[in-house]
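This report covers helix packing and one surface patch. The sequence and structure are shown first.

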Amino acid sequence: MRLTVILPLLTTLLMGGSALAADTAKAPSAAQAAQRQKMTDCNQQATTQALKGDQRKTFMSQCLKAETKPDQKMTEQQNKMKTCNADAGKKDLKGDARKTFMSTCLKKAS
């Protein structure tokens, strides 16, 4: 008697749980889609060049690390940050002294 009640109940729970799990799949974000496309493009290039083994691995690594938008210029704030960071490095500043210098440097008008 118990088996006839428990078995259909367990079956229903298992089927219902798997149906719910299938509905929770999300669409990839724009960044994920872009990365997936980049991976596909790099893979096609490696196949066209007939690369194998370590050569293919190295090529794929370099291809995936390549900038996707090389035409994109640095913003004014990024340029200030780069310049101030280089100046702080030249002065060999560390800790609070570096923090103070960077703050002052970034607040200056460019």
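## Basis

Contact here means heavy atoms within 4.5 Å. The model is predicted.

## Helices α4 and α5

Helix α4 spans residues 76-90 and helix α5 spans residues 95-107. Their axes cross at roughly 145° and come within 10 Å. The crossing of α4 with α5 is right-handed.

On the α4 side, the contact is made by Gln77, Lys80, Met81, Cys84, Asn85, Asp87, Ala88 and Gly89. These meet Arg98, Phe101, Met102, Cys105 and Leu106 of α5. By class, the residues in this contact are 7 nonpolar, 3 polar and 3 charged.

## Helices α2 and α3

Helix α2 (residues 30-48) packs with helix α3 (residues 53-65) at an angle of about 140°. The axes of α2 and α3 lie 10 Å apart, and their crossing is right-handed.

From α2, the residues in contact are Gln35, Lys38, Met39, Cys42, Asn43, Gln45, Ala46 and Thr47. Their partners in α3 are Arg56, Phe59, Met60, Cys63, Leu64 and Lys65. The contact of α2 with α3 comprises 7 nonpolar, 4 polar and 3 charged residues.

## Surface patch

Val5, Ile6, Leu9, Leu10 and Leu13 make a nonpolar surface patch of about 480 Å². Of these residues, Leu9 is placed in helix α1, which covers residues 2-23.

Conventions: Residues are numbered from 1 along each chain as its sequence is written. This is a predicted model: local features need pLDDT of at least 70, side-chain atom pairs count only at pLDDT 80 or more; totals for chains, interfaces and linings use all residues. Side-chain values use heavy atoms; hydrogens and water are left out. Axes are lines fitted to C-alpha atoms, for helices over the stretch in contact, and angles run from 0 to 180 degrees between N-to-C directions. Helices (H or I, at least four residues) and strands (E, at least two) are DSSP runs, numbered from the N terminus. A crossing is left-handed if the near helix is turned anticlockwise from the far one by less than a right angle, and right-handed if clockwise. Ala, Val, Leu, Ile, Met, Phe, Trp, Tyr, Cys and Pro count as nonpolar, Asp, Glu, Lys and Arg as charged, and the others, Gly among them, as polar. Patches are made of residues with over 30% relative accessible area and no salt bridge: like charges are joined within 9 Å, nonpolar side chains (Val, Leu, Ile, Met, Phe, Trp, Tyr) within 5 Å. Accessible areas come from the Shrake-Rupley method with a 1.4 Å probe; for residues, only the protein chains shown count as cover. A salt bridge is a side-chain nitrogen of Lys or Arg within 4 Å of a carboxyl oxygen of Asp or Glu.
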